[in-house]
Amino acid sequence: MAGDLAKAGGVGLGLRDIFVARRALAGRVTRTPLVPARALSAAIGREVLLKLETTQPTGAFKLRGATNRLLAMSEDERARGVVTVSTGNHGRAVAHAARALRMRAVVCMSRLVPDNKRQAVAREGAEIHIHGAGQDEAQTLADRMAREEGLIPVPPFDDAHVVAGQGTIGLELLEDRPDLDSVLVPLSGGGLIGGIALAIKSAAPAIRIVGISMAKGAAMHASLEAGRPIEVVEEHSLADSLGGGIGLDNRLTFALVRDLVDDVQLVDEDAIARAMAHVFWQERLVVEGAAAVGIALLLEGRLDGLGQRICCILSGNNVDMDAFARIVGPSSP
Ligand SMILES: *Cc1c(COP(=O)(O)O)cnc(C)c1O
């Protein structure tokens, strides 16, 4: 049942953890603005608000969870440092948070990772280790470095401190607009929506929480249908930050999404591209594909049950700008 806090409580994470995270994160991450989407509101006849996680210093919300995870480490753990294989928003967040706390951060990547991504991670001050021809081999190196050098892996979503960190977005929404009817949240591993749902359902169970994934390779959606975490084939998508599995041994986020999220919807690639163009030309904001999925749903007119006041979480803006220019085109759609 959606909004079943008692059941979600089975994962051992609650509203208090999110308030603890909020205190820890104060002054370390941005309390992001919630702004009106004027053109979109006029186009669909509802009030649409945009939560600008794009304004975090790393361009995505993942800084909240990663920073909260690192702050929760003991002195001994901090002295050892952290390791990740993500070259996307999570990797950048871990690197950024580690630098702020003067910790060692290692990012393992394969030879296939393009130069611009390598440089983005390097700019955050992380140590880069290149190994192998694919993600699996990079992971093998990360596991070895964790074993041999005592580095601590930082999970991208399935971790209580990470989920609590992302949940601080929910507290901010409740403060800014407790009268919201629904919140549209990009969904991959479920750390973002799990945290937001936990915060919001604790105070306002009637606010509808809707997860949105790309139609191609949506692991959480497939897992919910199957009733347990399953694997899906990863496919190329404009919403690249939503790719990847939820982990067959998922401990927290599968249960959180199953018990607290009202609905999960899928959007196709054309809809994501149109949404990126809309946000750019009409709202004058740059977002990556993953962040555009909520707007995509609204532009397709799929408004059932969303009510009058709808918030879209614009989760990140890390997109190659040449690719972006091709996607949004030379003029207003
Ligand atoms: C990671 C990410 C998501 C999805 O977050 P999960 O916690 O994995 O569900 C959405 N948008 C962006 C930009 C991301 O980087």
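Predicted model: local features only at pLDDT ≥ 70, side-chain atom pairs only at ≥ 80, totals over all residues.

Mentor: Residues are numbered from 1 along each chain as its sequence is written, and side-chain values use heavy atoms, with hydrogens and water left out.

Trainee: In what order do the 4 strands of the open sheet lie?
Mentor: Helices (H or I, at least four residues) and strands (E, at least two) are DSSP runs, numbered from the N terminus. Two strands pair if DSSP finds at least two bridges between them. The pairing in this open sheet is parallel, and the order is S5-S4-S3-S6.

Trainee: Which strands stand at the edges of the sheet?
Mentor: An edge strand here has a single partner strand, so one side of it is left without a neighbour in the sheet. The strands in that position are S5 (127-130) and S6 (152-153).

Trainee: Which residue of S6 is the bridge partner of valine 83?
Mentor: Strand S3 (residues 82-84) runs parallel to S6, and 2 bridges join them. In S6, the partner of valine 83 is proline 153.

Trainee: What angle does the direction of helix H6 make with that of S3?
Mentor: Helix H6 (residues 89-100) packs on the sheet, touching S3 and strand S4 (105-109); contact means heavy atoms within 4.5 Å. Axes are lines fitted to C-alpha atoms, for helices over the stretch in contact, and angles run from 0 to 180 degrees between N-to-C directions. The angle is about 165 degrees.

Trainee: How many residues of H10 are buried?
Mentor: Buried means under 20% relative accessible area, exposed over 50%, and partly exposed in between (1.4 Å probe, protein chains only). Among the buried residues of H10 are Gly191, Ile196 and Lys201. The helix is largely enclosed by the rest of the structure, because the buried residues number 11 of the 13.

Trainee: Which helices are included in what covers the buried residues of H12?
Mentor: In helix H12 (residues 253-260), 7 of the 8 residues are buried, so this helix is largely enclosed by the rest of the structure. The buried residues include Phe254 and Asp259. Their cover includes H1 (5-8), H9 (160-176), H10 and H11 (219-226).

Trainee: How many disulfides does the structure hold?
Mentor: A disulfide is a pair of cysteine sulfur atoms within 2.5 Å. The sulfur of cysteine 311 has its closest cysteine sulfur in cysteine 312, at 6.7 Å, which is too far for a bond. Cysteine 311 is buried at 0% relative accessibility, and cysteine 312 is buried at 1%. The number of disulfides is 0.

Trainee: Which residues form the aromatic cluster?
Mentor: Rings of Phe, Tyr and Trp (its six-membered ring) pair if their centres lie within 6.5 Å; planes under 30 degrees apart count as stacked, over 60 as edge-to-face and the rest as tilted. Phenylalanine 280 and tryptophan 281 are edge-to-face, with centres 5.1 Å apart and planes at 80 degrees. Phenylalanine 280 and phenylalanine 324 are also edge-to-face, at 5.3 Å and 85 degrees. The cluster consists of Phe280, Trp281 and Phe324.
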